[in-house]
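We will take a short walk, one selection at a time.

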Amino acid sequence: MAESIAFSKSADRATVYAELVPQVEALLSGETDTIANLANVAAVLKEAFGFFWVGFYIAKDGELVLGPFQGPLACTRIAFDKGVCGHAYSTRETVIVPDVDAFPGHIACSSAARSEIVVPIFSGEQAVAVLDVDSDRLADFSEADSAGLNAIVRIIERHCSFG
Ligand code: SME
């Protein structure tokens with residue numbers, strides 16, 4: 001298994017996502033354990049982009065439960081109809097929130113988080129988890145992040161199993 005990732009330190013995010021995708025594919029191809037793979041994906045995204053918080057919530061027994069993450073302490077359980085995570089999970093759509101204070105129902109795990117993107121993860125037709133990324137800067141996420149994180153989530157879907 002690769003012990004480090006390589007990426008351009010001063011490149012734009014779309015370029016860095018394109019560099020990461022084959023490395024994440026290789027990383028996850030070498031391991032079948034879902035928790036190990038999610039933990040490494042969180043580490044890769046934290047290292048490459050320095051996000052304030054990056055991690056997973058996994059659907060279990062009717063709610064979203066905290067999974068592997070990088071960053072400060074986080075809320076452990078989120079109802080399917082609550083917060084940005086619940087919104088992305090239940091609408092099955094990637095959600096970009098430029099200003100979390102302006103999103104009704106945003107769950108503030110940390111008062112330092114200012115903007116957020118959440119990408120649903122599927123097993124077949126079923127939403128089974130979400131990838132959640134928080135920034136301490138306003139409006140930090142764009143369509144480049146949506147495309148890049150969705151590309152990474154498609155790799156996760158092929159190599160991980162949930163539930
Ligand atoms: N802000 C999220 C909760 C999870 S934390 O950001 C890690 C939400 O509103 O769903």
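Before the first stop, a sorting rule: Ala, Val, Leu, Ile, Met, Phe, Trp, Tyr, Cys and Pro count as nonpolar, Asp, Glu, Lys and Arg as charged, and the others, Gly among them, as polar. This is a predicted model, where local features need pLDDT of at least 70 and side-chain atom pairs count only at pLDDT 80 or more, while totals for chains, interfaces and linings use all residues. Residues are numbered from 1 along each chain as its sequence is written, and side-chain values use heavy atoms, with hydrogens and water left out.

**Stop 1: the cavity**

A cavity is a set of points, on a 1 Å grid over the protein atoms alone, where a 1.4 Å probe fits but cannot get out; lining residues have an atom within 4 Å of a point. The count comes to one cavity of 30 Å³ or more.

**Stop 2: the ligand**

Now show the ligand, which sits in the largest cavity (more than half of its atoms lie within 2 Å of the cavity's grid points). Around the ligand are 13 residues (each with a heavy atom within 4 Å), and Val84, Cys85, Ile107, Glu116 and Asp134 come nearest. This shell divides into eight nonpolar, two polar and three charged residues.

Next, color strand S1 (53-60), helix H3 (83-91) and strand S6 (126-135), each of which supplies at least two shell residues. Helices (H or I, at least four residues) and strands (E, at least two) are DSSP runs, numbered from the N terminus. H3 gives the largest share of the shell, three residues.

**Stop 3**

Which residue has a polar side-chain atom 3.0 Å from a nitrogen atom of the ligand? Select Glu116 to see it. A polar side-chain atom of His106 lies 3.3 Å from a ligand nitrogen.

Key. A polar contact is a pair of N or O atoms within 3.5 Å; within protein, one must be able to donate a hydrogen and the other to accept it, and residues adjacent in sequence count only if both atoms are side-chain atoms. On a 1 Å grid over the protein atoms alone, a cavity is a set of points where a 1.4 Å probe fits but cannot get out, and a pocket is an open set with protein on both sides within 12 Å along at least five of seven lines; lining residues have an atom within 4 Å of a point. Grid points are joined across faces, edges and corners, and a volume is the space filled by probe spheres set on the points.
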